Amino acid sequence: MDLFKRSLILFGFLLMSPFLKAQDAPYSMGFIPASIEEVDVAFPLIEKWHLSGQVDVQLVTQGAYTNDNPFEYTQRKVIRPWLMYSGFKNLKLWLGYAHNQKYAVEEAGNYKTLENRLIIMGTLSQNMPKGSIFEQLRFETKFFDDRNGNHQTIPRLRARFGVNHFLRQNKEKPIFLAPNIGYYTELMLKFASKDYADEHFDIFRLSVYYSAGITPNLHFLVGIIGQMQLRANGNQFDVYYGPMFSLKYSVKPKERETFDSVDGGAD
């Protein structure tokens, strides 16, 4: 994990070096282990209109600056229903709502609040000879009360670029079906009022994972996440890192599931 930390820091600083040089305030950095567990259920709605639905349930846990256990505290619980349109050849459109119950973690400076999000998302994918690449743009608006009890409405823009490598299967009866190695980078920008946060930069995230099918209806993902987040005070970065697990059940069988839309991350 030390190598992973160093790699994440180096990549993050290279990416944000212009941003950091432009600031006068000193920046500090803390490391927080975290874990993400997610279960998704996908189902068809009106097939002739190319409409389907999905419901995600997510649990995020974390440690603190001096606690290396990513499962020590519950950070948040999420319920996220989606409506998806797949009538275009390589483009999928998503409309979603997320109900985030966040919990206080005093050791990490987190406060308890209820956050709701409205989400519009599009994913464009291109097939490759032995894999695929995808670009994803997500616009979401967050509604919550801050630590002072003031209601905040914060639009956020998220851009993701990812790659999937399809792994070969040589066995006649393999243990797992259609395995993949996937990875993505994601940048998030927030547009908050000046009384909440001056900076637009919010989160830069990296994720690497292995995914495969247990049955044509049931697929899983196992991976790691690393992200650098700027706190609302504008002078502290938190680096979250740790394992990520996801399980997806599709009512309609799928030959391959690449988890392009998985929302693996901590706040």
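Mentor: Let's begin with a term: a cavity is a set of grid points where a 1.4 Å probe fits but cannot get out. And keep in mind that what you're looking at is a predicted model.

Trainee: Which residues line the largest cavity?
Mentor: Quite a few arginines are in the list: Arg76, Arg117, Arg156, Arg158 and Arg205 are among the lining residues. Met188, Asp263, Gly264, Gly265, Ala266 and Asp267 also line it.

Trainee: And what does that lining look like by class?
Mentor: It has seven charged residues, along with two polar and two nonpolar ones.

Trainee: Let's zoom out. How many helices and strands does the chain have?
Mentor: The protein chain has one helix and eleven strands.

Trainee: How much of the chain is buried?
Mentor: Of its 267 residues, 46% count as buried. As for contacts with a separation of 6 or more, 58% of them are between residues 24 or more positions apart.

Trainee: Now the strands. How do S1 and S2 pair?
Mentor: Strand S1 (residues 28–46) and strand S2 (residues 51–62) are antiparallel, with twelve bridges. Ser35 sits opposite Thr61 in S2. The two strands make a hairpin with four residues between them, and His50 in the turn has a positive phi of about 60°.

Trainee: What about S2 and S3?
Mentor: S2 and S3 also run antiparallel, joined by twelve bridges. There, Val55 stands opposite Pro81 in S3.

Trainee: I clicked on Gln75. Where is that one?
Mentor: Gln75 is in strand S3, which covers residues 73–85.

Trainee: Is Gln75 buried or exposed, and why?
Mentor: Gln75 counts as buried because its relative accessibility is 2%, and the cut-off for buried is under 20%.

Trainee: What does its side chain meet?
Mentor: The side chain of Gln75 makes a polar contact of 2.7 Å with the side chain of Gln62. Leaving aside neighbours within four places in sequence, Gln75 also touches residues including Val60, Thr61, Tyr103, Asn110 and Tyr240. Ala266 and Asp267 are on that contact list too, and both of them are in the lining of the largest cavity.

Trainee: Changing topic: how big is the largest pocket?
Mentor: Its volume is about 1000 Å³. There are 39 residues lining the largest pocket, and the closest to its centre are Met84, Ser86, Lys92, Lys254 and Glu257. S1, S2, S4, S5, S6 and S11 each give two or more residues to that lining. By class, the lining has 13 nonpolar, 14 polar and twelve charged residues.

Trainee: And the second largest pocket, what's its volume?
Mentor: That one is about 670 Å³. Of its 29 lining residues, Tyr111, Arg147, Tyr196, Arg231 and Ala232 are the closest to the centre.

Trainee: Which strand gives the most to that lining?
Mentor: S7 does, with three residues. By class, the lining of the second largest pocket has twelve charged, nine polar and eight nonpolar residues.

Conventions:
Residues are numbered from 1 along each chain as its sequence is written. This is a predicted model: local features need pLDDT of at least 70, side-chain atom pairs count only at pLDDT 80 or more; totals for chains, interfaces and linings use all residues. Side-chain values use heavy atoms; hydrogens and water are left out. Buried means under 20% relative accessible area, exposed over 50%, partly exposed in between (1.4 Å probe, protein chains only). A polar contact is a pair of N or O atoms within 3.5 Å; within protein, one must be able to donate a hydrogen and the other to accept it, and residues adjacent in sequence count only if both atoms are side-chain atoms. Contact means heavy atoms within 4.5 Å. On a 1 Å grid over the protein atoms alone, a cavity is a set of points where a 1.4 Å probe fits but cannot get out, and a pocket is an open set with protein on both sides within 12 Å along at least five of seven lines; lining residues have an atom within 4 Å of a point. Ala, Val, Leu, Ile, Met, Phe, Trp, Tyr, Cys and Pro count as nonpolar, Asp, Glu, Lys and Arg as charged, and the others, Gly among them, as polar. Two strands pair if DSSP finds at least two bridges between them. Grid points are joined across faces, edges and corners, and a volume is the space filled by probe spheres set on the points.
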